[in-house]
Amino acid sequence: MTIQVARLSDPAVRAFVTAVNAHDREAFEAVLAPGATMSDDGSDRDLADWTEQEIFSSHGHMDVDNESRTGHALVVRYSNDTWGEMKTRWSFTVDAGRITRFETGQA
């Protein structure tokens, strides 16, 4: 069963998922702290390049199945035009209400 985005525990993570699903680059960038970093399947990636390719130009969408660690860890059915749908895990580091790092990969 999917968790409604509005019910996600952490406000920054909730804003992240909302921005991804709305394809709202401005809102997405606003929830990230300056110098934020990310990794995909254990490899650090360039955040701007990765998000352009995996989220914005390919219409990424997150359906959250589970959250843990006070909302800082999600299990998501992630889909985009490139890869279709896959079960993924997302982990977030949040400081002062902004995401400083997120890690994702297949679950």
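**Terms put to the test**

Author: Start with one residue. Aspartate 10 touches Thr70, Gly71, His72 and Val94, not counting residues up to four places away in sequence. Contact here means heavy atoms within 4.5 Å. This is a predicted model, where local features need pLDDT of at least 70, side-chain atom pairs count only at pLDDT 80 or more, and totals for chains, interfaces and linings use all residues. Residues are numbered from 1 along each chain as its sequence is written, and side-chain values use heavy atoms, with hydrogens and water left out.

Reader: Where is aspartate 10 found?

Author: Aspartate 10 sits in the segment before α1 (11-22). Helices (H or I, at least four residues) and strands (E, at least two) are DSSP runs, numbered from the N terminus.

Reader: What makes aspartate 10 a residue with no salt bridge?

Author: A salt bridge is a side-chain nitrogen of Lys or Arg within 4 Å of a carboxyl oxygen of Asp or Glu. For aspartate 10, the nearest side chain of opposite charge is arginine 14, and that is 7.3 Å away. Lys and Arg count as positive and Asp and Glu as negative; His and the chain ends are not counted.

Reader: What polar atom lies 3.1 Å from the backbone nitrogen of valine 13?

Author: One from the side chain of aspartate 10. A polar contact is a pair of N or O atoms within 3.5 Å; within protein, one must be able to donate a hydrogen and the other to accept it, and residues adjacent in sequence count only if both atoms are side-chain atoms.

Reader: Why is glycine 71 called buried?

Author: Buried means under 20% relative accessible area, exposed over 50%, partly exposed in between (1.4 Å probe, protein chains only). Glycine 71 has 2% relative accessibility, so it counts as buried. Glycine 71 lies in the loop between β3 (61-68) and β4 (73-80). Leaving aside neighbours within four places in sequence, glycine 71 is in contact with Ser9, Asp10 and Val13.

Reader: Why is arginine 69 called partly exposed?

Author: Its relative accessibility is 49%, so arginine 69 counts as partly exposed. Arginine 69 is in the loop between β3 and β4. Its phi is positive, about 50°, although it is not a glycine. Most residues other than glycine have a negative phi.

Reader: Which other residue has a positive phi, near 50°?

Author: Aspartate 41. It lies in the loop between β1 and β2 (43-45). At 46% relative accessibility, aspartate 41 counts as partly exposed.

Reader: How do you know that the buried residues of α3 line one face?

Author: The buried residues of helix α3 (residues 47-56) are Leu47, Trp50, Thr51, Glu54, Ile55 and Phe56. Seen down the axis of α3, they fall within an arc of 150°, so they line one face of the helix. The arc is that of the directions from the helix axis to the C-beta atoms. The face turned away carries the exposed residues Ala48, Asp49 and Gln53.

Reader: What makes arginine 25 and glutamate 52 a salt bridge?

Author: Their side chains meet at 2.8 Å, N to O. Arginine 25 lies in helix α2 (residues 25-31) and glutamate 52 in helix α3, so the pair ties together parts that are 27 residues apart in sequence.

Reader: How many salt bridges does a search of the whole structure find?

Author: It finds 4. Arginine 77 and aspartate 65 form one of them, at 3.1 Å, N to O. Asp44, Arg101 and Glu103 are linked in a network of salt bridges.

Reader: How do you know that the radius of gyration agrees with a compact globule?

Author: The radius of gyration is taken over C-alpha atoms; the globule rule is 2.2 Å times the number of residues to the power 0.38. With 107 residues, a compact globule would have a value near 13 Å; the protein chain has 12 Å, which agrees.
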